[in-house]
Amino acid sequence: MTVAPVDSSPVVAGAVELGLPVLGSLSPSRAGDFMTCPLLFRFRTIDRLPQAPSSAATRGTVVHAVLERLFDLPAPERTPAAATALLRPEWERLLEAEPQVGTLFADEVELSTWLTSAEELLQGYFTLEDPTRLQPAEREAYVEVVLPGGLRLRGIVDRLDVAPSGDVRVVDYKTGRAPREAFEGKALFQMKFYALVLWRTRGTIPRLLQLMYLGDREILRYSPDESDLLAVERKLVALWQAIEKATQLRDFRPRRSKLCDWCDHQALCPEFGGTPPPFPAAVPGPDELLPHQVEAALRAAAQQQAAGASSAPGPAAVPRAPIQAPPGPAGFRADSPTVDV
Ligand code: SF4
């Protein structure tokens, strides 16, 4: 049996190559799975059990796609009407790529109701910022780093903004509910993960982490510092050691919580009277990218190459498109009238 997962992924164009041996790999969602429930991590990452599509997750995918494409438009055209007009084409693109999402809706009426709910999320976005006044440096940016111990951290950042001062803002859109104050730390973990990767690859700690909850029309902001990110790094290394140990022992225990209500795998979970499948004889490398991750990685590489053709930055450089005017505590004001797009 392969115990310690090794890097078996294809080389991703644009990835940061540090020349270090990769012994394991974590994304924010996989790390979150293990922290939530080790057995859930096993089901998703080792057994690779299929997950049924959900209307909420699919809505999130389509809304993210619309917000990414919105910035393809010239700045004055990034209006609520334009976003709404992108909705159905993005749904159809997803349906073509993943036909199983078509099973979510019995008829056109159901689909139409669902599209209306997605439109409401987009309207929520426009109450939070004005996209005609900013120009992202990167969208759906694939980021990764290999830590000295061999743990690869990777993820896809919804949006990176770079202020004229060079300050970086990491933006993530959320289509679920905003967390209560007691759970904000958990929500920010993903953002600190990205901040750590950006710091380790680009040498600068992002000035601002910004979670945008479109449904609740709320923004959660946080300015990380070095001690924050070092703590996250230590936590991730410890998490990976726990995953390695669980893999060696073939012992991923269920951890029952409210999140079980949304788990696809209750029928296989001992907490609900089920029995997990036999542990795989060979543990698949956790580095295998999902199709949308491959697409995003290739798109990011193409963007980097395009930027490189005009300005020849280093391989990990952030394109420095001017965005918003610098006034304000973090230099990122969406309502500034002096934005250069
Ligand atoms: S049902 Fe709950 S305890 Fe069981 S695997 Fe899913 S999240 Fe874990």
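I began at the hairpin of E3 and E4, where five residues lie between the strands and Gly-166 takes a positive phi near 100°. Strands here (E, at least two residues) and helices (H or I, at least four) are DSSP runs, numbered from the N terminus.

I noted the basis of the entries. Residue numbers start from 1 along each chain as its sequence is written. The model is predicted: local features need pLDDT of at least 70, side-chain atom pairs count only at pLDDT 80 or more, and totals for chains, interfaces and linings use all residues.

*Entry: overall layout.* I found eight helices and six strands in the chain. From the N terminus on, the order is β-α-α-α-α-α-β-β-β-α-β-β-α-α.

*Entry: pairing of E3.* I took two strands as paired if DSSP finds at least two bridges between them. E3 and strand E4 (residues 168-174) run antiparallel and are joined by four bridges; Val-162 stands opposite Val-168 in E4. Strand E2 (residues 138-146) also runs antiparallel to E3, with eight bridges, and Tyr-142 has Ile-156 in E3 as its bridge partner. E2 and E3 form a hairpin with four residues between them, and Gly-150 in the turn has a positive phi of about 100°. Strand E1 (residues 24-26) runs parallel to E3 through three bridges, and Ser-25 has Arg-152 in E3 as its bridge partner.

*Entry: burial.* I called a residue buried if 20 or more other C-beta atoms, placed from the backbone, lie within 10 Å of its own. In E3 (residues 151-162), 12 of 12 residues are buried. Over the chain, buried residues make up 35% of 341.

*Entry: The core has 60 residues, and Leu-153, Val-170, Tyr-194 and Ala-195 have the most contacts inside it. Helix H6 (residues 184-202) gives the most to this core, with nine residues. Not counting residues up to four places away in sequence, Ala-195 touches Val-170, Ile-205, Pro-206, Leu-209, Pro-224 and Leu-229; contact requires C-beta atoms, placed from the backbone, within 7 Å.

*Entry: Of the 14 residues around the ligand, Cys-37, Pro-254, Cys-260, Cys-263 and Cys-269 come nearest.

Methods:
A residue is near a molecule or strand if its C-beta atom, placed from the backbone, lies within 6 Å of it. A nonpolar core is a set of buried Ala, Val, Leu, Ile, Met, Phe, Trp, Tyr and Cys residues joined through C-beta atoms within 7 Å. Two residues are in contact if their C-beta atoms, placed from the backbone, lie within 7 Å.
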